[in-house]
Amino acid sequence: MNAILVWFIAAAAIAGVLFRPKDWPEAVWACLGAVLLVIFRLISLPQTLTAVAKGTDVYLFLTGMMLLSELARREGVFDWLAGVAAERARGSCVRLFTLIYAVGILVTVFLSNDATAVVLTPAVYAAVKKARVNASPYLFACAFIANAASFVLPISNPANLVVYGTHLPALAPWLRLFLLPSALSIGATYLVLRLLSRKELGGKVEQGPGTVTKLSQGGRRASWGIAITGAILLVASGLGRDLGLPTCVAAICAVLIATRVSCRAISAIVRNVSWSVLPLVAGLFVIVEGLNGAGALRDVGAALKFFAAMPPLAGSLAASFGVAALSNVMNNLPSGLLTGGALQSVNVPEYLRHALLIGVDLGPNLSVTGSLATVLWLIALRREGEQVSAWTFFKTGVLVMPPALLLATAALLLTAG
């Protein structure tokens with residue numbers, strides 16, 4: 001009976017996070033689910049505190065990335081990048097689409113997929129509206145590249161920290177494993193999006209040269225701070241260190257340098273950061289701990305053993321597509337937490353662990369409920385007065401995601417072998 005109640009509370013909480021009844025913030029529903037698990041004694045207080053503490057590295061990582069993203073937004077770095085892309089399109093919608101896609105890759109790889117969704121999307125929207133072209137292909141590019149490029153580096157997606165935990169590969173082994181799969185994921189996603197948008201991209205960009213806003217001194221300092229932070233993270237990753245603390249410390253230093261320790265500027269940056277993401281993640285950690293106690297860890301572990309008994313290609317595809325389906329039902333952060341927990345308790349081949357990571361990162365490109373980045377993308381669009389229905393996104397996602405996931409997973413057998 002207790003297990004049924006845990007699953008009911010977890011399902012209700014995750015549904016609240018995804019659909020936001022009464023327009024309450026996502027964090028409210030996640031924390032409410034966690035509190036109910038404690039109130040009904042379905043999880044003890046020590047277990048709750050332990051579950052929250054497990055996310056320390058993720059909280060630090062997210063804090064650092066959100067500070068960097070808000071710094072870049074405040075100083076106009078993303079607006080400048082989008083404006084440069086629009087100017088260099090030289091009248092071609094196809095070239096504009098390609099340039100925005102390339103900017104999305106850079107932002108996702110070095111600032112995480114959430115930054116692409118939250119900060120780049122409004123900048124792209126403003127740029128394409130100024131260019132007087134159909135905004136849809138360019139906005140969809142932001143959403144899909146946020147997940148398609150999210151396993152180029154360990155820092156590209158918080159889910160990477162969740163799936164691997166303390167077993168996160170160092171940078172050199174990571175690149176050896178995921179560079180080819182990432183390239184195929186990015187390339188396949190681009191080609192399908194281009195094909196689906198061929199009519200909208202057949203027109204001309206009206207924005208001409210000389211219309212890009214000049215990057216301010218603060219913007220230049222912010223850009224250098226972000227670049228140096230990226231270099232520090234690459235070094236930390238190369239040494240196999242946890243990424244949370246270096247990310248947070250480097251971001252704080254970047255903010256202090258870029259703002260010249262201006263209390264007003266620092267206050268504005270801190271005030272505008274979406275801090276609700278942290279209790280949201282903490283609540284999800286507690287919910288997953290409750291699900292583990294209700295047998296979810298055992299069930300996922302049994303599935304992993306089944307996949308491990310299959311031939312490598314079949315097992316890898318079953319694992320990546322299986323966790324992708326789970327991510328689209330319950331969001332990839334909870335599914336990543338469940339998968340990461342199961343991987344710590346079950347002995348499976350390493351190639352299966354890598355396939356699961358790709359499924360958690362890329363699989364959410366099927367639906368609007370798949371990843372936190374896509375949910376944040378939808379919120380960013382609503383602020384601009386744009387609406388994208390779940391069905392519209394799914395009609396694109398069902399064509400974009402499967403070939404990219406198939407190619408990326410299959411490529412692992414070459415890189416992991």
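These legends go with a set of close-up views of the structure above. The model is predicted, so to speak: local features need pLDDT of at least 70, side-chain atom pairs count only at pLDDT 80 or more, and totals for chains, interfaces and linings use all residues. Residues are numbered from 1 along each chain as its sequence is written, and side-chain values use heavy atoms, with hydrogens and water left out.

View 1. Buried means under 20% relative accessible area, exposed over 50%, and partly exposed in between (1.4 Å probe, protein chains only). Helices are DSSP runs (H or I, at least four residues), numbered from the N terminus. Beyond its neighbours within four places in sequence, Tyr138 is in contact (heavy atoms within 4.5 Å) with residues including Cys93, Leu96, Val128 and Leu201.

**View 2. Phe97, Tyr101, Tyr138 and Tyr190 form a cluster through ring pairs.** Rings of Phe, Tyr and Trp (its six-membered ring) pair if their centres lie within 6.5 Å; planes under 30 degrees apart count as stacked, over 60 as edge-to-face and the rest as tilted. The count comes to 16 aromatic pairs.

**View 3. Lys54 and Glu289 meet in a salt bridge.** The N to O distance is 3.0 Å. Lys54 lies in helix 3 (residues 45-54) and Glu289 in helix 14, so the pair ties together parts 235 residues apart in sequence. Lys54 is exposed, at 51% relative accessible area. The whole structure has five salt bridges, each a side-chain nitrogen of Lys or Arg within 4 Å of a carboxyl oxygen of Asp or Glu.

**View 4. Arg73 and Glu70 pair up within helix 4 (residues 56-74).** Their salt bridge spans 2.6 Å, N to O, and the two are three residues apart, about one turn of the helix. Arg73 is partly exposed at 39%, whereas Glu70 is buried at 7% relative accessibility.

**View 5. Asp299 forms a salt bridge with Arg298.** Their closest N and O atoms are 3.8 Å apart. Asp299 counts as partly exposed, at 45% relative accessibility, while Arg298 counts as exposed, at 59%.
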